[in-house]
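Please keep the structure open as you read.

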Amino acid sequence: MPSRSYYPKLQVCVPFTPVTGNRLLVQPGPLAPTVLKALAQTLVSITDELRVSSLHVTFPTGEEWAALGALGFQQRRGIQYHWENRGYSSFEDFLADLKQSKRKSIRQERKSIAKQGLAVRRVAGSEVTAAQWDTFHSFYQATVDKKWGSAYLTREFWHMLGSEMGDEVMLVVAEQEGQTVAAALNLVGSACVYGRNWGSIGGREFKNLHFEVCYYQAIEEAIARGLPRVEAGAQGEHKLQRGYLPNFTHSAHYLPDPTMRAAVGKFLAREEAQVRPATQTLAAGTVYCASARAS
């Protein structure tokens with residue numbers, strides 16, 4: 001049995017943000033590897049001194065992940081789906097890079113939105129109304145309830161997000177006869193559109209609406225802004241059928257308890273044995289035609 005319970009634990013992360021980036025803030029230069037190593041060793045010392053169960057560094061850069069692994073951290077990889085902008089001038093330009101059958105399928109999915117009497121538009125955070133944020137919060141709560149989760153984000157949070165971040169927030173809104181029936185929240189950075197939360201009105205189903213609101217509108221926004229990619233997050237191989245490709249994400253874990261470390265090690269070994277072949281299989285099933293331009 002482990003000598004201590006799993007909680008409390010320490011985590012090095014950006015809260016609620018499954019996006020790869022620097023987690024150990026080291027200034028670039030010749031001393032960077034030495035400083036990074038010292039930071040990691042200090043984190044280990046703090047974990048031991050506090051007698052917490054573990055230390056987790058989530059979504060670090062590949063360089064950080066390798067350095068932590070060299071220090072004995074247990075390493076984990078996951079898969080996210082990203083869309084790469086290969087210099088497209090329009091959504092149709094993007095479709096031209098796909099196999100004919102996939103091109104046709106996506107066009108049919110997008111046409112089905114209007115046939116259902118739905119109108120979809122992208123709204124900058126500074127232009128989202130209070131009523132729209134309240135509606136989105138109700139969608140968020142319904143999604144959380146459906147997944148038996150915990151609604152830790154409040155109604156006020158969404159309002160503050162729009163007012164404080166302005167055009168760095170984008171809400172994709174789907175309406176039918178003047179009523180908002182679905183919406184997706186995106187954050188817009190200097191190099192990427194990040195898909196975050198999505199929700200829809202309860203008790204009603206709209207064919208292909210999730211794909212339009214969450215995937216295609218994000219692609220259109222990235223093309224319009226000239227941004228290199230869209231990160232749609234983890235889960236859902238269906239993203240592959242819509243032009244998103246699998247990418248590795250990383251995390252590193254320090255567990256001082258031998259029993260807990262051994263159990264986690266066995267799990268990570270089994271998982272890693274599945275992750276790489278799965279990524280290769282997914283990439284082999286690409287929707288892009290052989291003549292597609294390189295990213």
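Where is Phe16 found? Phe16 sits in the loop between β1 and α1 (32–50); helices (H or I, at least four residues) and strands (E, at least two) are DSSP runs, numbered from the N terminus. Phe16 has a positive phi of about 60°, although it is not a glycine. A cis peptide bond, with omega about 0°, joins Tyr7 and Pro8, and Pro8 belongs to the segment before β1 (10–12). Most residues other than glycine have a negative phi, and most peptide bonds are trans.

A word on the source: this is a predicted model, in which local features need pLDDT of at least 70 and side-chain atom pairs count only at pLDDT 80 or more, while totals for chains, interfaces and linings use all residues. Residues are numbered from 1 along each chain as its sequence is written, and side-chain values use heavy atoms, with hydrogens and water left out.

The chain has a mean pLDDT (the predictor's confidence in each residue, from 0 to 100) of 92, and 96% of its residues reach 70 or more. Confidence is lowest in helix α8 (residues 258–284), at a mean of 86, and highest in strand β2 (residues 55–58), at 98.

Now to the helix pairs. Axes are lines fitted to C-alpha atoms, for helices over the stretch in contact, and angles run from 0 to 180 degrees between N-to-C directions.

| Helix pair | Angle | Distance between axes |
|---|---|---|
| α5 (residues 130–146) and α6 (residues 155–165) | about 135° | 9 Å |
| α4 and α7 | about 110° | 10 Å |

α4 is therefore roughly perpendicular to α7, whereas α5 and α6 are oblique to each other; angles under 35 degrees count as roughly parallel, over 145 as roughly antiparallel, 65 to 115 as roughly perpendicular and the rest as oblique.

The contact (heavy atoms within 4.5 Å) of α4 with α7 is made by Ile106, Glu109, Arg110 and Ile113 of α4 and Leu209, Phe211, Glu212, Tyr216, Gln217 and Glu220 of α7. Between α5 and α6, the contributors include Trp133 and Tyr140 of α5 and Trp158 of α6.

How far apart are the closest N and O atoms of Glu212 and Arg110? They are 2.7 Å apart, in a salt bridge, that is, a side-chain nitrogen of Lys or Arg within 4 Å of a carboxyl oxygen of Asp or Glu. This pair links distant parts of the chain, with Glu212 in helix α7 (residues 209–225) and Arg110 in helix α4 (residues 100–115), 102 residues apart. By this rule the count comes to 12 salt bridges.
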